[in-house]
Amino acid sequence: CLLGQKGIQMHKEKVEYVNLGIDIDLVEKSTLEGKSLINKKNDLIYVCYGGSLGCSYDFDVILDTLKLLKKNNYTNFHFVFIGDGDKKEYIEKQIKEFDLSATITGRLSYCDFIKTLSECDIGINSFLKDTEVVYSYKFNDYLSVGLAVLNNLKGETSDLIDKYNLGFNFDHEENKLFDSLKYLLENRELLKEMKQNSINLAKDLLDYKQEYKKYINFIKETNA
C-alpha cells in the first residue's frame with residue numbers, strides 16, 4: 001500500500017501459490033542405493049512416522065493409538081519411528097513399558113531415510129493440537145515414496161488428501177487416529193489404492209522440475 005495526502009491507497013497485486021516441490025530423481029536414486037533399517041516381513045503392514053522426534057509433533061496420539069491397537073489384538077502391523085530428536089527417550093520408554101510393536105531407527109542420512117521410508121505403507125503426519133502449520137516437507141516425503149497418509153493438519157494438506165484419496169484426516173475429538181489406522185489395517189486393497197494415488201500425485205503435481213517452472217512463468221508474466 002502507499003500512503004498519500006488522501007490517506008491509504010491499496011494496490012492489488014497478482015498472487016499465485018506454488019506447491020513445495022519434490023526431487024523425484026533423487027528419491028528414486030535413494031530407494032535404489034539407500035540402506036533400509038527395516039527387517040521387513042511381507043505379512044505385516046508397516047506404519048511410520050518419518051522425521052525429527054521433536055517437540056512440535058504429537059507423539060502421544062501415536063503412542064495411545066498403538067496401545068489401543070494392542071489392546072484390541074491387532075498384530076498385522078509394525079510401527080517405525082524413522083528419525084531422532086528430543087522425544088526419542090520418551091518414546092523408547094513408552095514402547096518398552098507397554099511392549100508396543102514399534103522401533104526407532106535413530107538419525108539417518110537422507111538416502112537411508114528415503115529407502116527406509118519406502119519400505120513402509122502408511123505415514124503419520126501428526127502435529128500438536130492447534131498448530132499453525134498447514135504443510136510440511138514430511139508430507140512430501142511420504143507422497144514421494146507412495147505412502148498412504150494419516151494427517152491432522154488443516155488446510156492445504158488435508159485438502160489434497162481428500163481430493164486425491166491419499167489417506168485420511170484425523171483430529172483429537174471425533175475422527176480419531178485409531179479409527180483411521182484400524183480401517184486401513186483391515187482394508188488392504190484400499191491401502192494399496194491410496195499408496196498408488198500418492199506416488200501418482202507426487203510425480204504428476206509435485207515434481208520440482210515441473211512445479212518450479214510456475215515461478216519462472218509467473219515472474220515473466222508479471223514483469224511483461
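This is a predicted model: local features need pLDDT of at least 70, side-chain atom pairs count only at pLDDT 80 or more; totals for chains, interfaces and linings use all residues.
Strand 3 (residues 45–50) and strand 4 (residues 77–82) run parallel and are joined by six bridges. Strands pair here if DSSP finds at least two bridges between them. Helices (H or I, at least four residues) and strands (E, at least two) are DSSP runs, numbered from the N terminus.

Residues are numbered from 1 along each chain as its sequence is written, and side-chain values use heavy atoms, with hydrogens and water left out.

How many residues of strand 3 are buried? Six of the six are, so the strand is largely enclosed by the rest of the structure. Buried means under 20% relative accessible area, exposed means over 50%, and partly exposed lies in between (1.4 Å probe, protein chains only). Ile 45, Val 47 and Tyr 49 point one way from strand 3. Tyr 46, Cys 48 and Gly 50 point the other way.

Strand 3 also pairs with strand 6 (residues 122–125). The two run parallel, joined by two bridges. Cys 48 has Gly 123 of strand 6 as its bridge partner. Gly 123 also stands opposite Val 149 in strand 7. Strand 6 and strand 7 (residues 148–151) run parallel, with four bridges between them. Strand 6 is covered on both faces. Ile 122 and Ile 124 are buried on one side, Gly 123 and Asn 125 on the other.

Now the helices. Helix 6 (residues 156–164) has Thr 157, Ser 158, Leu 160 and Ile 161 as its buried residues. Seen down the helix axis, they fall within an arc of 160°, so they line one face. The arc is that of the directions from the helix axis to the C-beta atoms. These buried residues pack against strand 6, strand 7, strand 8 (167–169), helix 5 and helix 8. Contact means heavy atoms within 4.5 Å. The face turned away from the buried side carries exposed Asp 162 and Lys 163. Just after helix 6, Asn 165 takes a positive phi of about 55°.

Helix 1 (residues 24–33) has Ile 24, Val 27 and Ser 30 buried. Why do the buried residues of helix 1 line one face? Seen down the axis, they fall within an arc of 125°, so they share that face of the helix. An α-helix has 3.6 residues a turn, so residues three or four places apart point the same way. The buried residues of helix 1 pack against helix 4, helix 5 (137–144) and helix 8 (188–205). Leu 32 and Glu 33 are exposed on the face turned away from the buried side.

The aromatic rings come next. The structure holds eight aromatic pairs. Rings of Phe, Tyr and Trp (its six-membered ring) pair if their centres lie within 6.5 Å; planes under 30 degrees apart count as stacked, over 60 as edge-to-face and the rest as tilted. Phe 79 and Phe 81 have ring centres 4.7 Å apart and planes at 50°, so this pair is tilted. Phe 79 is buried at 1% relative accessible area, and Phe 81 is buried at 0%. Tyr 110 and Phe 113 form another tilted pair, 6.5 Å centre to centre with 35° between the planes. They are three residues apart in helix 4 (residues 110–118), separated by about one helical turn. Tyr 110 is partly exposed at 37% relative accessibility, whereas Phe 113 is buried at 12%.

Phe 79 and Phe 81 belong to one aromatic cluster with Tyr 49, Tyr 57, Phe 59 and Phe 127. The charged end of Lys 138 sits over the ring of Tyr 57, 4.5 Å from its centre. Lys 67 has its charged end over the ring of Phe 98, 4.0 Å from the centre. A charge sits over a ring if NZ of Lys or CZ of Arg is within 6 Å of the ring centre and within 35 degrees of the ring normal.

Finally, the whole chain. It has 10 helices and eight strands. Of its 224 residues, 44% count as buried. Among contacts between residues at least 6 apart in sequence, 72% join residues at least 24 apart.
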